[in-house]
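Subject: Model handover

Hello,

Here is the structure for your files. My notes follow below it.

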Amino acid sequence: MAAYERQVRQAQQLEELKTLAERLQRMITVHQQSFPPAQPPVAPPPEAVDSRAIEQRHRREAIKGISIFSRQARKQAKEIARTAAQEEVVAEETRGQQLREETQQALDESWRKLLDNDPETVLAVLEGAFADNEAPATPVDCQDGRVTTLMLLDGPDAVPERVPHLTPTGKPSSRKLTKTERNELYLGWMSSNLLATTREAFAVAPSLDAVTVVVLRRDPMTPFGERPLSVSYAGTLSRGQNDRLVWDQPEALDAIYHADSLLIETKGRTK
């Protein structure tokens, strides 16, 4: 029984270490997900008209009240119903095609505005694209081909205190991060989310030239129950920088330090 319980504890520990390792990996690889570039939208084809159902309805209405013994009258009624049904089918098909053309015209206009960096259109597209981001981001301004986005990030306490580790004997375990290591991991987490935000922005807004990101950090709660925000980063990355990045390399995380109008401040040896 003791040996069995020991095996159970070891299995639980391995599962916890695996979960921790996966969490750490996700934190610094958010930017590696690819975003398909925006394409001109195409209106869906009109719904197919159910000609059979329309003809059956016209036929039922036409012969309603005519005796089954009045064969000639029923035959004439059915012919009239068939003609009326065909006319309705043509009308419905024409209406569906007109509706599709109107929808396509509206989509073409929206696409043109997006390519022209119309502020209202660009901000709406980006807001929709950022809606499912792990680090909440909100576009707030668009001028002259540059968009400004606010990104919200939790404080360093969101970073795990421990990482998976092998003991000298090769036993899976975990060790506590130093303060420097933890802060470096936090910077990597911020960089990964920031780069994911800019990468998505350039993908969905094909005419943007640059993206300015301001990272707001949630600071610890005050005695008054408030979570104040502070600016931990601000910088502008160009489309050229975005296109040249090697996304699957660890060095990509350093791209945030090559931004224009860079504002970032670290303190002391532990950054």
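How many nonpolar, polar and charged residues are in the lining of the second largest pocket? The lining has 7 nonpolar, 3 polar and 5 charged residues. Classes work as follows: Ala, Val, Leu, Ile, Met, Phe, Trp, Tyr, Cys and Pro count as nonpolar, Asp, Glu, Lys and Arg as charged, and the others, Gly among them, as polar.

First, the ground rules. This is a predicted model, where local features need pLDDT of at least 70 and side-chain atom pairs count only at pLDDT 80 or more, while totals for chains, interfaces and linings use all residues. Residues are numbered from 1 along each chain as its sequence is written, and side-chain values use heavy atoms, with hydrogens and water left out.

Pocket and cavity

The second largest pocket has a volume of about 260 Å³. It is lined by 15 residues, and the closest to its centre are Pro45, Pro46, Glu47, Gly96 and Leu99. The structure also holds 1 cavity of 30 Å³ or more. The largest cavity has a volume of about 30 Å³. Its lining consists of Thr198, Leu237, Gln241, Asn242, Leu245, Trp247 and Ala255. By class, that lining has 4 nonpolar, 3 polar and no charged residues.

Terms: on a 1 Å grid over the protein atoms alone, a cavity is a set of points where a 1.4 Å probe fits but cannot get out; a pocket is an open set with protein on both sides within 12 Å along at least five of seven lines; lining residues have an atom within 4 Å of a point. Grid points are joined across faces, edges and corners, and a volume is the space filled by probe spheres set on the points.

Helix 5

Helix 5 covers residues 179–204, 26 residues in total. From first C-alpha to last it reaches 38 Å, close to the 38 Å expected at 1.5 Å a residue (1.5 Å times one less than the number of residues). Helices (H or I, at least four residues) and strands (E, at least two) are DSSP runs, numbered from the N terminus. Buried means under 20% relative accessible area, exposed over 50%, partly exposed in between (1.4 Å probe, protein chains only).

The count of aromatic pairs comes to 1. Tyr186 and Trp189 form that pair, edge-to-face, at 5.8 Å centre to centre and 70° between the planes. Rings of Phe, Tyr and Trp (its six-membered ring) pair if their centres lie within 6.5 Å; planes under 30 degrees apart count as stacked, over 60 as edge-to-face and the rest as tilted. The two residues are 3 apart in helix 5, so about one helical turn separates them. Tyr186 is buried at 6% relative accessible area, and Trp189 is buried at 9%.

Hairpin

Strand 3 (residues 162–166) and strand 4 (residues 172–176) run antiparallel, joined by 5 bridges. Strands pair if DSSP finds at least two bridges between them. Leu166 has Pro172 as its bridge partner in strand 4. Between the strands lie 5 residues, and Gly170 in this hairpin takes a positive phi near 90°.

Asn117 has phi near 60°. It sits in the loop between helix 3 (71–115) and helix 4 (119–130), and is buried at 14% relative accessibility. Ser261 has phi near 50°. Ser261 is in strand 7 (residues 260–263) and is exposed, at 61%.

Best regards
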